[in-house]
Amino acid sequence: MASEKRVYVIELESAAGRRRDLRIPWVYVGSSARSPEERFAQHQRGYKSARLVKRFALRLRPDLYDDLGSFRGSKKACAAEKARAQELAACGFVAHSDGTSYGARQGDWTEWDAERLSPVLQHVDATIAELNESSFKTLSPLQCAQLLHGEMGFWVAEYIVQLDPPPAYGLFAHVQLDALQERVESQGALTTLP
């Protein structure tokens, strides 16, 4: 009987390679019968780990894989792994999977729209809340969306520490700004700080 396998995505440190966009990191896409958390720990220990992942693993990115279910058998899981790597390359990531770096030499990409974002909205909502909590002052929906998108500029320092930003900063640089703003507005989650 084939075991259930899950696809997982690990964000890699900036030293992993040249990025297509400074805001969008390299990622590693894999699949395993183990939970993503267990497999991430194995990569960090060097157990059956690609050299790239062992050296540069930063964190799991459930916002990039939680919408995928489990797969029966290795062939289906490997096909889903490859498809996810190609999809991530199509929206700006360099996605390393099974010895291939998708997107490394490609120019254009298309950011996710609101429809593509919808399966992972729980991650967007958690990130909005995190960004709101770590901000020095109240964010407008547009400012919150710009920070989620990883926008840069002098104004950013009014809201967060640029040299040590919260993990939410730039987490959704691969998503259209208007889709992020629409989600922030729908949440009404921005509060007035004391």
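The structure is a predicted model, in which local features need pLDDT of at least 70 and side-chain atom pairs count only at pLDDT 80 or more, while totals for chains, interfaces and linings use all residues. Residues are numbered from 1 along each chain as its sequence is written, and side-chain values use heavy atoms, with hydrogens and water left out. Helices (DSSP runs of H or I, at least four residues) and strands (runs of E, at least two) are numbered from the N terminus. Buried means under 20% relative accessible area, exposed means over 50%, and partly exposed lies in between, with a 1.4 Å probe and protein chains only.

**Salt bridges**

- The structure holds 12 salt bridges, a salt bridge being a side-chain nitrogen of Lys or Arg within 4 Å of a carboxyl oxygen of Asp or Glu.
- One of them joins the side chains of glutamate 11 and arginine 61, at 3.1 Å from N to O; because glutamate 11 belongs to strand 1 (residues 4-12) and arginine 61 to the loop between strand 3 (57-60) and strand 4 (71-72), the pair ties together parts that are 50 residues apart in sequence.
- Glutamate 11 counts as buried, at 7% relative accessibility, and arginine 61 also counts as buried, at 2%.
- Aspartate 125 forms a salt bridge with arginine 183, with 2.7 Å between the closest N and O atoms; aspartate 125 lies in helix 5 (residues 121-134) and arginine 183 in helix 7, so this pair ties together parts that are 58 residues apart in sequence.
- Lysine 137 forms a salt bridge with glutamate 158, where the closest N and O atoms are 3.1 Å apart; the pair links distant parts of the chain, with lysine 137 in the loop between helix 5 and helix 6 and glutamate 158 in the loop between helix 6 and helix 7, 21 residues apart.
- Lysine 137 is partly exposed, at 38% relative accessibility, and glutamate 158 is partly exposed, at 37%.

**Surface patches**

- Patches are made of residues with over 30% relative accessible area and no salt bridge, where like charges are joined within 9 Å and nonpolar side chains (Val, Leu, Ile, Met, Phe, Trp, Tyr) within 5 Å.
- For charge, Lys and Arg count as positive and Asp and Glu as negative, while His and the chain ends are not counted; the place of a charge is taken as NZ of Lys, CZ of Arg, CG of Asp or CD of Glu.
- Asp113, Glu115, Asp178, Glu182 and Glu185 form a negative surface patch, to which helix 7 (residues 177-187) gives the most, with three residues.
- Glutamate 115 is found in helix 4 (residues 114-117) and counts as exposed, at 66% relative accessibility.
- A nonpolar surface patch is formed by Phe136, Val161 and Leu163, with about 370 Å² of accessible area together, such areas coming from the Shrake-Rupley method with a 1.4 Å probe, where for residues only the protein chains shown count as cover.
- Leucine 163 lies in the loop between helix 6 (141-148) and helix 7 and counts as exposed, at 87% relative accessibility.

**Polar contacts**

- A polar contact is a pair of N or O atoms within 3.5 Å; within protein, one must be able to donate a hydrogen and the other to accept it, and residues adjacent in sequence count only if both atoms are side-chain atoms.
- Serine 49 is found in the loop between helix 1 (36-45) and helix 2 (51-56), where its side chain makes a polar contact with the side chain of histidine 43 at 3.0 Å and also reaches the backbone nitrogen of lysine 54 at 3.4 Å.
- Arginine 84, found in helix 3 (residues 74-90), counts as buried at 5% relative accessibility, and its side chain makes a polar contact with the side chain of aspartate 67 at 2.9 Å.

**Backbone features**

- Most residues other than glycine have a negative phi.
- Lysine 48 is not a glycine, yet has a positive phi of about 45°; lysine 48 lies in the loop between helix 1 and helix 2 and is exposed, with a relative accessible area of 64%.
- Aspartate 98, also not a glycine, has a positive phi of about 50°; aspartate 98 is found in the loop between strand 5 (94-97) and strand 6 (100-102) and counts as exposed, at 69% relative accessibility.
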